[in-house]
Amino acid sequence: MMTSDHTGGAQAAGAAPYLQIKGLWKAFGDFLALKDINLDIEAGEFICFLGPSGCGKTTLLRAVAGLDPQTRGNIRQAGVDISSLPPSRRDYGIVFQSYALFPNLTVARNIAFGLENTGRPKAEIKARVAELLNLVGLPEQADKYPAQLSGGQQQRIALARAIAIKPGLLLLDEPLSALDAKVRVHLRHEIKGLQRKLGVTTIMVTHDQEEALSMADRIVVMNHGTVEQIGTPTQIYRHPATLFVADFIGETNKVASVFKGSRVALGNLSLSTAATGFAEGDAVTIAVRPEDVVPHSTAVMGEGGLNMLPVTITDMEFLGSFWRSHLRSPVLGDTPLIANFSINAVRRLDMKPGTDLVAELPAERVLVFPRGA
Amino acid sequence: MTDLSLPAGPAIKLKLDRDGAIKRLFMGIIALYLVVALALPLYTMLSKSFVTYSFELDRYEFQVSDEAGVFGDPVTAAALNQQLGVFTADDLRSNSDGRLTATDFFPDFSFRSPVKYRLRGTTANAPYLVGLDLQNTTEWREYDSNTFRRINLRPVTSVGPQNYVEYFSNPTLFSSIENSVFIAAVSTVLTVVFAFGFAYALNRSCMRFKGFFRLVAMMPILVPSLLPGIALIYLFGNQGMLKSLLMGQSIYGPLGIVIGSVFFTFPHAMIIITTALSIADQRQYEAAESLRASKWRTFWTVTIPGARYGLISAAFVTFTLVITDFGLPKVIGGQYNVLAIDIYKQVIGQQNFEMGAVVSVILLIPAVLAFYVDRQVQKKQVSLLSARSVPYQPRPNRRFDALCLGWCALMAVFIVGIIAICQYAALIKFWPYDLSLSLNNYAFDKMDGGGWAAYWNSIKLAGLTAVFGTVIVFTGAYMVEKIDGFKTGRGIFQFLAMLPMAVPGMVLGLAYIFFFNNPANPLHVIYGTMTILVVSTVTHFYTVGHLTALTALKQIDAEFEPVASSLRQPFYRLFTRVTVPVCLPAILDISIYMFVNAMTTVSAVVFIYSTHTALASVAVLNMDDAGDIAPAAAMGMMIFYTNAGARLLHLFASRRILGRTQAWRLR
Ligand SMILES: Nc1ncnc2c1ncn2[C@@H]1O[C@H](COP(=O)(O)OP(=O)(O)OP(=O)(O)O)[C@@H](O)[C@H]1O
Ligand SMILES: [Mg+2]
């Protein structure tokens with residue numbers, strides 16, 4: 001049996017990653033559900049697989065677990081090639097969306113399931129179960145049956161059962177998706193906190209970007225069976241590698257354009273951008289996030305600053321911490337520009353529908369992607 | 001996006017772990033059981049149906065000496081027979097035990113004469129017996145007349161469709177097909193209509209006593225199919241109480257078979273149709289109402305189409321039950337021949353097993369067809385079910401409810417009446433002369449048929465079948481449902497598990513004779529024992545149990561196995577700690593099903609019981625055959641009490657076990 005590493009944290013430089021996925025493919029008949037996946041995960045990392053429904057997240061997770069083996073490719077865990085090991089000989093704990101709690105066993109027996117039958121003395125098992133129940137914050141529920149618990153409680157019991165045997169790797173397949181929004185947000189913190197405390201390397205599948213952004217150390221964004229981008233939440237958000245990522249994570253305004261002399265054309269305007277690697281005349285799509293739009297009063301127009309757009313507010317929506325504003329600009333024609341303005345800015349510039357403004361699209365925030373790949 | 005394609009190379013296969021190996025092993029064992037208990041016997045029977053035995057007279061040559069010992073010219077048996085005409089072509093057709101006495105070719109044979117005989121085969125295959133000694137030679141052999149009288153020619157086998165040709169050219173045998181189809185068709189129409197009315201009343205009316213009617217409708221399942229035959233004899237037989245009602249018609253024959261068939265197939269059809277009706281969608285009826293469709297029109301455009309799969313399925317199941325049933329025509333069929341009776345007569349009466357096999361193969365056709373249709377329909381119905389949502393809620397309607405109550409009451413009188421008549425018959429001293437009550441008819445030990453020992457044997461058979469059947473069926477279903485990968489193996493297993501449903505009991509029984517009553521087969525030892533009865537009964541009722549188990553297993557979370565293996569627990573720990581407890585209701589259902597059917601079945605065991613494994617259901621048949629109708633009724637009622645008791649026990653046990661071990665189901 002593999003030893004589990006609970007020390008957590010980043011590995012010493014040069015050491016092999018804890019989990020290594022190389023050239024992984026999965027075919028269901030003719031359909032390729034995973035295409036050439038390559039991924040390294042360091043010990044103690046919290047990784048999220050994020051992507052739209054049907055992109056292959058679960059398939060990848062099940063390949064790691066050995067439940068649905070990959071068609072091609074290798075997986076190494078803690079230096080051991082586990083590519084063709086059956087699930088029972090791999091080292092992981094798993095929590096499914098359905099929790100899969102054994103309905104006829106009490107909470108305590110559910111958690112003890114993996115501890116019994118291993119030669120541990122009864123007292124030790126009991127103590128460990130109590131410890132785990134404490135850890136997940138449900139010390140009182142030991143003798144209840146799963147059906148007597150709420151969804152969130154069941155979730156935590158499933159988690160306790162999975163970590164009871166101190167697995168080297170924790171796999172979570174949409175663990176929160178069956179819960180209502182409030183419980184979900186609460187549990188995010190709990191799971192994250194628990195993971196940090198145990199330092200167990202964790203992979204969580206989700207299609208909820210907020211969940212991924214708030215919990216993951218690194219996010220693996222997937223689409224159509226391929227990895228679009230791997231990076232920390234801020235990298236993914238601030239520097240999306242592809243238009244798909246930009247579009248899928250957060251919101252963006254998108255406009256078709258052409259690359260010209262290290263600038264991009266926008267109507268009769270041209271915007272400067274930090275983007276490189278494009279040739280003259282390349283068809284591109286520009287993307288700007290709503291919160292990156294900086295409002296100025298019309299007074300600045302005369303200053304002829306860079307990336308300034310004359311706009312008119314057509315609609316405003318108060319979303320608690322900011323105002324979502326729909327802007328129109330002669331430069332953009334019919335395409336509205338969505339911008340999130342802080343309450344301060346709205347007050348300062350006295351914005352309301354009909355107000356004319358100048359919207360600045362800062363050069364380093366203007367994302368450029370090749371069009372129609 | 002760039003086009004990517006799968007790199008060449010072998011697909012990754014996971015190493016087999018211990019769990020996987022054990023599961024495959026278990027599945028293999030149970031598959032092997034099904035092969036030995038089902039596939040091989042059927043195959044043997046099928047091949048036997050193509051084997052014919054005949055005496056080939058031109059293969060034997062005789063020479064006879066005069067009294068001085070001087071031999072005359074050789075002459076073939078065929079030539080002798082032509083001269084003498086002792087054997088007709090019919091006589092020359094034979095079976096595996098056939099013997100033809102050589103002296104029959106010599107009318108003036110005397111065993112004291114000094115005349116000597118010589119005999120040889122003209123071809124290599126010309127077997128004959130000298131006493132018990134088998135000879136097969138083209139050399140001349142000489143025998144004195146005293147030895148010659150112990151010489152018997154033996155038939156040779158040939159393979160081909162002759163049996164079938166003969167069957168279809170025999171008008172009496174052929175007419176059984178017509179009879180069988182006729183009986184089955186009429187019974188099917190009646191049963192489906194009656195059962196539909198009943199199920200409709202239960203589902204769509206607000207009448208009272210629904211629970212009681214449901215219970216009554218299930219009663220026929222608890223008795224052997226031939227029991228209604230006995231009741232009908234008491235009612236309408238030669239000395240029947242209501243004979244005059246028939247206005248000269250005889251109950252012995254199609255009439256009796258049809259009435260009895262309606263009785264014993266009623267619950268089967270009712271269950272299927274009830275299921276079909278209960279998936280109706282309230283919204284369709286509301287739509288029909290808003291379109292101001294008349295009740296009558298709604299019935300034909302919404303109700304009937306909605307229940308069509310159930311009706312088709314019920315019709316096929318009923319048809320098969322009737323056409324493959326043997327007990328009822330035996331008891332009340334009189335001279336009316338049907339296929340199932342033919343098999344019995346060929347096998348038990350004439351010991352012509354090959355012809356029995358031919359009839360069996362013919363009987364397989366409707367059964368296999370019904371099985372196929374039923375499977376298709378079940379699939380369709382499942383998809384119908386998942387698409388539906390709002391269940392139909394009947395609204396009170398006094399006239400309609402009264403009508404429904406009337407109909408159900410009528411059917412209940414019919415069902416309870418039949419059983420009550422049997423009970424009455426069992427308790428009466430001597431119908432119709434001495435109507436005083438007594439328990440004399442229960443003194444089975446005084447009659448032929450097996451006595452009380454037969455009853456206890458039945459209990460033993462039912463108990464063993466329930467225990468072993470449930471274990472085998474549930475384990476098999478678990479393995480095939482929860483094994484990873486291994487598609488081909490699972491496919492084969494599923495096929496084997498579904499096959500028993502397509503095989504009528506008598507056909508299975510006959511196949512067992514061919515397969516197990518063969519000294520060359522090492523399994524021959526179980527022939528004539530309780531074991532073979534248990535094997536045959538478990539196999540015969542395998543499919544329904546398998547489907548029940550699969551349904552229950554599919555309802556439990558498919559993720560239990562992955563969780564258990566990630567916790568590094570062997571699957572059998574999960575199986576015993578979680579799967580079995582969770583599926584306990586289904587397991588109990590399978591065991592009561594096996595028990596009840598083992599008590600009542602005749603067809604699956606009638607060919608393979610032996611004198612010391614006589615069974616209650618067979619005793620009913622044999623006592624009736626011997627004219628002891630009242631004791632037959634009494635034994636039938638014993639089966640009824642036992643099954644009713646078993647059901648009650650089952651109910652009680654389920655409640656208790658559910659209460660104790662399944663507290664988790666309740667909040
Ligand atoms: N057993 C299977 N046979 C055939 N195709 C499958 C099978 N399992 C998954 N797929 C296909 O593979 C693709 C990826 O499925 P997967 O379950 O990994 O998606 P997912 O990213 O987890 O989606 P979701 O967010 O909806 O759970 C889908 O198109 C799915 O239809
Ligand atoms: Mg998924």
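Modeller: Domain bounds come from an automatic or database domain assignment. The model is predicted, so local features need pLDDT of at least 70 and side-chain atom pairs count only at pLDDT 80 or more, while totals for chains, interfaces and linings use all residues. Residues are numbered from 1 along each chain as its sequence is written, chains are lettered from A and ligands numbered from 1 in the order in which they are written, and side-chain values use heavy atoms, with hydrogens and water left out.

Colleague: Which domains does the assignment give for chain A?

Modeller: The assignment divides chain A into two stretches, domain 1 and domain 2. Over C-alpha atoms, their centres are 40 Å apart. The bounds are domain 1 (19-244) and domain 2 (252-370).

Colleague: How many residues does each domain of chain A bring to the contact?

Modeller: Contact means heavy atoms within 4.5 Å. By that rule, the count is 8 residues from domain 1 of chain A and 9 residues from domain 2 of chain A.

Colleague: Which side chain meets A:R238 in a salt bridge?

Modeller: A salt bridge is a side-chain nitrogen of Lys or Arg within 4 Å of a carboxyl oxygen of Asp or Glu. Between domain 1 and domain 2 of chain A the count is 1 salt bridge. At 3.8 Å, N to O, the partner of A:R238 is A:D292.

Colleague: Which element gives the largest share of the side of domain 1 of chain A that touches domain 2 of chain A?

Modeller: A polar contact is a pair of N or O atoms within 3.5 Å; within protein, one must be able to donate a hydrogen and the other to accept it, and residues adjacent in sequence count only if both atoms are side-chain atoms. Between these domains of chain A, 3 residue pairs are in polar contact, both residues at pLDDT 80 or more. Helices (H or I, at least four residues) and strands (E, at least two) are DSSP runs, numbered from the N terminus. The largest share, 3 residues, comes from chain A helix α7 (residues 233-238).

Colleague: Now the two chains. What area is buried between chain A and chain B?

Modeller: The contact takes 49 residues from chain A and 35 residues from chain B. Carbon and sulfur atoms give 63% of the buried area. The total is about 3,900 Å².

Colleague: How many salt bridges does the rule find across the interface of chain A and chain B?

Modeller: One pairs A:E116 with B:R577 through their side chains, at 3.3 Å, N to O. The salt bridge count is 4.

Colleague: How does the side of chain A that touches chain B divide by class?

Modeller: Strands β1 (19-28), β2 (31-41), β4 (72-77) and β6 (93-95) of chain A each bring at least two residues to that side. For the classes, Ala, Val, Leu, Ile, Met, Phe, Trp, Tyr, Cys and Pro count as nonpolar, Asp, Glu, Lys and Arg as charged, and the others, Gly among them, as polar. The division is 24 nonpolar, 16 polar and 9 charged.

Colleague: Is A:R72 buried or exposed?

Modeller: A:R72 sits in strand β4 of chain A. Its contacts, beyond four places in sequence, include A:W25, B:L6 and B:I12. Buried means under 20% relative accessible area, exposed over 50%, partly exposed in between (1.4 Å probe, protein chains only). At 14% relative accessibility, A:R72 is therefore buried.

Colleague: Which backbone oxygen lies 2.7 Å from a polar atom of the side chain of A:R72?

Modeller: There are two to name. The A:R72 side chain reaches the backbone oxygen of B:P7 at 2.7 Å. At 2.7 Å there is also the backbone oxygen of B:G9.

Colleague: What is phi of B:F209?

Modeller: Most residues other than glycine have a negative phi. B:F209 is in the loop between α6 (171-204) and α7 (210-218) of chain B. It is partly exposed, with a relative accessible area of 47%. Phi of B:F209 is positive, near 65°.

Definitions and conventions
Buried area = accessible area lost by both parts, 1.4 Å probe.
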